[in-house]
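Student: I would like to learn how to read a helix and a pocket from coordinates. Where do we begin?

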Amino acid sequence: MQRRHFLKSSGLLTAGLYALRFPAVAGPFLPSEFKPGIAPPEKKLDPSWIESMMKRGEPMLYRKSKGELKYIGMPVGGITTGTVYLGGDGKLWLWDIFNVNQPGIIPKTLEYEGTRLTYSSGVDYVDPNLAWSPFYQETAIAIFDKGKQLIKKLSADDPSWNEITFSGSYPIGVVKYMADDFPVNVTLEAYSPFIPLEPDDSGLPVTVLSYTVNNLTDRHIEVALGSVMQNSCPLTLEKEESGKRTNTLVQNDQMKGVFFEYHPLEEKYKKNSQYGNMCLSVFGIEDAVNLADLDNGLSPDVLFDSQRMESLVNIASGPASALLIGGVRKQLKIPPKGEGKVVFFISWHFPNTTLPVRDSQSGNYYARRFSNSWNTAQHVSANLERLSALTHVWRNTWYDSTLPYWFLDRSFANSSSLATGTAHRFGTGRFWGWEGVGCCEGTCTHVWSYAQAMARIFPSLERDTRERVDLGLAFDEKTGMISYRGEGTGQATDGQAGTILRIYREHQMSVDNSFLERNWQNIKKAIQFLLNHDSNKDGIIDGAQPNTLDAAWYGEIAWISSLCLAAWRAGEEMANDMGDRDFALTCRNRFLIGKKNVDNLLFNGEYFIQIPDPLLPNRPLGSYKTCEIDQVLGQSWAWQVGLGRILDQQKTLSALKSLWKYNYTPDVGPYIRNHRGGRPYALAGEGGMLMDTNPHHEPNPYGDDITWQAGYFNECMTGFEHQVASHMIAEGMLEKGMVVTRAIHDRYHAARRNPYNEIECSDHYARAMASYGSFITICGFTYHGPKGYIGFAPRFHPENFKAAFTAAEGWGTYSQLRSENKISAKLKLKYGKLSLNKVFLELHKGHNAKGAKVTIDGKHIPSSIIQNESNCEIKLVNNIIIHEEQELSIVIG
């Protein structure tokens, strides 16, 4: 892998890359405060900055006038259908839909301080990509007013727009255009349908461009919007291939369009990965025109030519080398101070993929649902009201919250990686992912087990991946090993444990026990695999422990063993759910022994460590007595699935405080200047949490046999940072957890780089979807579909809290008002249904509950309560089902 080549060959890396400068959020610092081996212990964060960070705030608005639009690329295609970016100015770019599967979103290298950066070593972090498209596509508006025609391109390519703003509330990007010399303002909403729990509805190969035109005058105005596109099917051609391209007019009773396709000379080309078609269409046929033969060059002006009210031909064709452009337009008459709306669809259909996995022979999943891109557009237009409405309902539900807007942005933005070249779905139905775009194949267990987003938003995809791949194609029936990159690969200890925890999470996000029942025997074997790797049965894993830092570590390793402790606890819970009492007891006993030993043997008084393997003559690569970012990963995972305490509470808090003290820095510049090695995922002047530090100046801190992987220790990788942030929030270290999250958010401010592309080993790195875990813990969310319970214990302003939630069959909004002697909680279902028999709430400390009043839309629901300190269980006498738009209300006095 190129990341390995980079770390091995680079001796300079990021040290001294930039002059020392400090962000405004902290300081001032003296040089003496930056001590070797650690971050500055005193963070000197500006109290006013912290105060502002904790406020609700306003939606983020990026502006052309501030130079904040050039790097923005919000994915606005369907999940697992490729990558289409919405630029900050409303122009679509990248167009990674042709099954090229290149490494990185735009392959390039950069000579950087004596080394060459590539897609896997941070080139796109240091040198963010500007908007670029491999073919011509553009939208424009024409105004017919006072006998004159005014035309403007709807992008920054037209400098006459005084202001263009971008507001990104994924999955919908909103772009507004304003000009002093123009009698209308234009607002674009761009998206692909995105409905949690519905991967088919959310996996459509289409981008919807919905333009609203506001008439600013006191008179009627005639307006036309038009969109043009080059026939780029296929994107590139083999030298011997010289068929023809055609643009064909298409129409039904709902829309008009242009169908772009390529006709190869030889039939065998139809199996090529770039073979396929695209369609540009406009919704509504009244006053709409489709044109197949716009032959006057790269300009949309011809769309508004009064002499071209209809296409000259129904089919325009030309050789493969020809520039063939088609377009659609729609006219509106807008009353004074009124508005009009035009909706375009751009759909695509490239069925063949050549990814390195057997299932890819079945092609792309969407191609099994639709025969071509026009068929996709027809499906979307026929279902537009439902698809658009539910996409907006979800967006509004997510942001209808008391949480800060920036936090909602950052915790959900990485879900958009599912709509990039990182994520794929084959015709067999199998989900498959790179670690990052085009890098490191196989839905790698030790990377994807950090990701929390897909399991909560599209649980059926995660469930199928556990069953089809981890417990199927990648499973060794004899040993219980789960191959960490799918079929035909080896083991990863952390990936094995993480996958067992994911199996438990997927069970929780199910309606009933059927998933668990079908897979229980293989799940037991997978858990037994970890039990067998604790040869002396002391609850601490021994022997070779291959892990996500690309090496096999040896010895007694707190972070790996803590993850196994959590996996054994999950095994205990699943065994109990299956009535397998003997295996539940086996898991329970090993967990208790391991918890005691990890707490007592692997805690150094400040944080958790690694003890070398005494049987080895030298210490191979490891973290040993240093302060490693994942040291309490098992406890962090436990909070995601409601497993309770895995490690001692005070020792866990001490470990997290040590990470804050030694690893978090408001400015990474001084550290990376003095600690060479690592890829540049945070630069001087930017804050972050370092992977590993050496607080006590240990000689040879990372072992006696140092290998290239040691470079990882000097990096800031967002997936690991999000994991720690979520854990801090869960443990009551709210402010510190949010500071870590905000540091990432600020590194990905649009003025610096693309806010929707958190980079590790390539673009849109899957581990970054750990950000959703911070949302889970800030809500104090627990859920178990088969057992019928849901719970909330908000960590952020519990006196007045509101946020979204997802469950196995529905999603909606939870809100609560809490005082010293009363809590009023409401669950409003916005989609689907929710089956419950218990609700868990957290009362104000000292509140002695006197009883609960439970209603659904005012109808009394019999219940009882059990209180344990501040925790309150509301047990419903009968199981209830809450339906869409119904509201469950609980009042406890």
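Student: Which residues of helix α6 are buried?

Tutor: Some conventions come first: this is a predicted model, where local features need pLDDT of at least 70, side-chain atom pairs count only at pLDDT 80 or more, and totals for chains, interfaces and linings use all residues. Residues are numbered from 1 along each chain as its sequence is written, and side-chain values use heavy atoms, with hydrogens and water left out. Helices are DSSP runs of H or I with at least four residues, strands are E runs of at least two, and both are numbered from the N terminus. Buried means under 20% relative accessible area, with a 1.4 Å probe and protein chains only. In α6 (residues 373-382), the buried residues are Ser-373, Trp-374, Thr-376, Ala-377, Val-380 and Ser-381. These lie on the same side of α6, because their arc around the axis is only 155°, taken from the directions from the helix axis to the C-beta atoms.

Student: What covers the buried residues of α6?

Tutor: Contact means heavy atoms within 4.5 Å. The cover includes strands β12, β14, β15, β16 and β20, together with helix α7 (384-399).

Student: Which residues lie nearest the centre of the largest pocket?

Tutor: On a 1 Å grid over the protein atoms alone, a pocket is an open set of points where a 1.4 Å probe fits, with protein on both sides within 12 Å along at least five of seven lines; lining residues have an atom within 4 Å of a point. Here 33 residues line the largest pocket, and Trp-639, Gly-642, Gly-644, Thr-782 and Asn-871 lie nearest its centre. β35 gives the most to this lining, with four residues.

Definitions and conventions. Buried < 20%, exposed > 50% of the residue type's maximum accessible area, 1.4 Å probe, protein only.
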